[in-house]
Amino acid sequence: MADTIDISRRTYRKIKQNLFWAFIYNLVGIPLAALGLMSPVIAGAAIAFSSVSVVTNALMLKRWKPLRNHGEDR
């Protein structure tokens, strides 16, 4: 039970982090692109980097290990 709560909290934290960074990218990138201050190549690279960073951040959950000896019997 403690493992389930731990991984769910970590997952929720990752979701919030990913949403934060996606909003930041869009908050900065969309106005720059709309005003013509960002070339389409740079805009495409920024979108790709945003996607890669979100996936990479989510993959950090694979490093999670169950808690050891947390006092629960089978």
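Visitor: How many salt bridges does a search of the whole structure find?
Guide: The search finds one salt bridge, a term that stands for a side-chain nitrogen of Lys or Arg within 4 Å of a carboxyl oxygen of Asp or Glu. Before going further, please note that this is a predicted model, in which local features need pLDDT of at least 70 and side-chain atom pairs count only at pLDDT 80 or more, while totals for chains, interfaces and linings use all residues. Residues are numbered from 1 along each chain as its sequence is written, and side-chain values use heavy atoms, with hydrogens and water left out.

Visitor: Which residues form that salt bridge?
Guide: D6 forms the salt bridge with R10, and their closest N and O atoms are 3.1 Å apart. Both residues lie in helix 1, where four residues, about one turn of the helix, separate them; helices (H or I, at least four residues) and strands (E, at least two) are DSSP runs, numbered from the N terminus.

Visitor: And is D6 buried or exposed?
Guide: D6 is buried, with a relative accessible area of 17%, whereas R10 is partly exposed at 36%. The classes are set with a 1.4 Å probe on protein chains only: buried means under 20% relative accessible area, exposed over 50%, and partly exposed in between.

Visitor: What sits 9.8 Å from D6, C-alpha to C-alpha?
Guide: That is K65, which is 59 residues apart from D6 in sequence. R68 is found in the segment after helix 2 and counts as exposed at 64% relative accessibility.

Visitor: Where is R63, then?
Guide: R63 also lies in the segment after helix 2, and its C-alpha atom is separated by 14 Å from that of D3, 60 residues away along the chain.

Visitor: Changing topic, how many aromatic pairs are there?
Guide: The count comes to two aromatic pairs, under a rule by which rings of Phe, Tyr and Trp (its six-membered ring) pair if their centres lie within 6.5 Å, with planes under 30 degrees apart counted as stacked, over 60 as edge-to-face and the rest as tilted. In one of them, the rings of F20 and W21 have centres 5.0 Å apart and planes at 75°, so the pair is edge-to-face. F20 is partly exposed at 46% relative accessible area, and W21 is likewise partly exposed, at 45%.

Visitor: What about Y25 and F49, how are they arranged?
Guide: Y25 and F49 form an edge-to-face pair, with 6.0 Å from centre to centre and 90° between the planes. Since Y25 lies in helix 1 (residues 2-34) and F49 in helix 2 (residues 40-59), the pair ties together parts that are 24 residues apart in sequence. Y25 counts as partly exposed, at 26% relative accessibility.

Visitor: How much space lies in it, and which helix gives the most to the lining?
Guide: About 240 Å³ of space lies in the largest pocket, where a volume is the space filled by probe spheres set on grid points that are joined across faces, edges and corners. Helix 1 gives the most to the lining, with eight residues, although helix 1 and helix 2 each supply at least two.

Terms used. 1 Å grid on protein atoms, 1.4 Å probe; cavity = no way out; pocket = protein on both sides within 12 Å on 5 of 7 lines; lining within 4 Å.
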